[in-house]
Amino acid sequence: MSEFPIIRRTDRVLVQGMTGGQGTFWTEKMIECGTTVIGGVNPKRAGTSHLGLPIFGSVADAVKSEQVDVTLMFIPPTLAKDAALDAITAGVPGIVILTEHIPSHDVLEIFAAAAKRGTKIVGPNTAGLVTPGAGFVGIMPGHNSNIFKPGRTGVISRSGSLGTLICLNLTRAGFGQSSFVGIGGDPMIGTTTKDALVALDHDPNTDAVVMVGEIGGGMEEEAARYAATMKKPIVAFIAGRAAPPGKRMGHAGAITAGDAGSYAGKRKALEDAGVVVVDTPQDIATALSHALKKKSA
Amino acid sequence: MILNEGDAKKLVLAPVGINLLHGAICATPGEAAAAVQQFGRCVIKAQVPAGKRGKAGGIKLVSSAAEAEKVAADILAMRIGDYAVQGLLVEQCAAIAEEYYAAVLHAPVERATLILFSAEGGMDIEELAATKPEAIRRFIVRTPDAFSIDDAKSMLAGLDVDIAGISDVLVKLYQRYRQTDAELVEINPLALLEDGRLVALDCKFILDDAATYRQTELAAAAASEEPTMLEAKGAAQGLKFIELLGNVGILANGAGLTMTTMDVVKYLGGSPANFMEIGGDAYTKGEAALALVLANPNVKSLVVNFCGAFARTDVMAKGVADAWKVLKPDVPVFFSVHGTGEDEAVALIEKEFGVTPFDFMEDAVKAAIAVTK
């Protein structure tokens, strides 16, 4: 039984777009890391094999002979909607969409179809999911044991690069991770900060949560309302404090206009909910030690 | 991308028959005068992708061609917000009975579309939402293309307005939102004229940047954004670069890490000179990126902060080293490098720059700030 968006070694992963350069590179890393990759999808190479795994013409074809728990999409933006609808229609329970710059109206159609089928989606524009010691799906250095170590802290991040740095800092301070949930930098995403928080709250392997947010949108505020009900300690860092208003900071979602989505508003919402908000990534491990001690005291 | 009002009315609203006043998009005072000659008493409106045009003096009533010529020349010479005025919209005056608000936009938290209507239009919707939220009717469309006249009527039920007429406008507005890959289409005000017609007096339209490849006509009509020269150069090379006022140059990968590097520079008492990220598909463009960061004469020191997930730090570090040999900058550089390709990247930096990267980015930032003081 899959606990998506927490990835497990028992999750059977199908890679849409596995035969391309990035698809090949990252699929090899995922397998090396222990992920159960069962095959790939490429309509032009159906029936062949790649990396010793079968290539199917579609997700619909793959599920005829294979159980698929998760698909991972290495698919360009213009083809992403059809690829996602293929996976949703085939009944795959979890989809990870790495693609950035998918037209937002295509994303609306993907989410509407997923809601009808009960499909869970992570992304678009996510770097993926990592469970140290068990495997990963995405474009994260899940195979690098200096960065990811098994442990009991859950990490949620919109950003892959910053999320990686945070996990590195945690590992160096002796905090391994139960699971890393990369949710993606787009304004509209399938798994929100709150959704990931709920999953980690219910995860028996997680004792505490580190939340890596960004300016823009209302996701941290929504998550704060849930955080207020949680017993597990939460430490947060919000990127974009120094960003000038009205400028998109790389991620389409990271923009502030007036007070909406501002650093100050997010920080206040989280602190009011009992979340410890730190000023720099280096402070996270110390804050986490204190928060855990306080809880056990 | 944003369309100026006149273009949004012509390209987004007119094709589905949403009523507009008689008017003309004008580029010169002469054209504005000719429009007033034709339509009589008119409003001249600055075309610029900024709000508060009226308060800034960019919207004026004129009664004669001579007056129009003078007012048009004044408005064309203005800057409003961050922008030079890009043109004029000259529209015939009409007798207004009531002003409403209508909009269709993305609702990220609901992962759906939000339709808004208020019988109290004319003002800023954020202000109305804050002071009188009950005055705004909302409807969430969860299934794309499933917003019907009956949905619109149910949304407006009980309001003392022309429900049939406004429902028709809302459904058409939603159709255009879908057809044009809009993030937002807003009519504020939607006016009820004394003759009973519903007319869009203003229109705001935001096109999804990711959909410009299939909305070429709208993309070509988009308002100019006025990036700085260096920002424009960055955009032309597929690099997200924003110039800031400080003196600590920043080169990092990924939006989240780059923002964080800026934040830490500011938090530790320094002042960032730029936002420049070379993550994602841009991670091979280290050389071009560095050239842009160093082209800013205010840069006194440089922080290079890489944490490779998808992006390979060895490739990025080689880009920086190669660019350094070409540019030969007289600027001290402070590295912090972790993640994918780290061992090769650190070895390369030690060889080419004779320094070992800082273990923590905070220490690299501290050192970079220290030399600017």
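In chain A, β3(A) and strand β4 (residues 53-56) pair in the antiparallel sense over two bridges, where strands are DSSP runs (E, at least two residues), numbered from the N terminus, and two strands pair if DSSP finds at least two bridges between them. This is a predicted model, in which local features need pLDDT of at least 70 and side-chain atom pairs count only at pLDDT 80 or more, while totals for chains, interfaces and linings use all residues. Residues are numbered from 1 along each chain as its sequence is written, chains are lettered from A and ligands numbered from 1 in the order in which they are written, and side-chain values use heavy atoms, with hydrogens and water left out.

Within this pair, His50(A) stands opposite Leu53(A) of β4(A). Strands of a sheet pair through backbone hydrogen bonds, either parallel or antiparallel. The open sheet of chain A has seven strands in the order β3-β4-β2-β1-β5-β6-β7, with mixed pairing, and its edge strands, β3 (49-50) and β7, each pair on one side only.

Chain A is assigned domain 1 (12-122) and domain 2 (144-296), with bounds that come from an automatic or database domain assignment. The C-alpha centres of these two domains of chain A lie 27 Å apart. Seven residues of domain 1 are in contact with seven residues of domain 2 in chain A, contact meaning heavy atoms within 4.5 Å. Between domain 1 and domain 2 of chain A there are zero salt bridges, a salt bridge being a side-chain nitrogen of Lys or Arg within 4 Å of a carboxyl oxygen of Asp or Glu.

Definitions and conventions:
Helix = DSSP H or I, 4+ residues; strand = E, 2+ residues; numbered from the N terminus.
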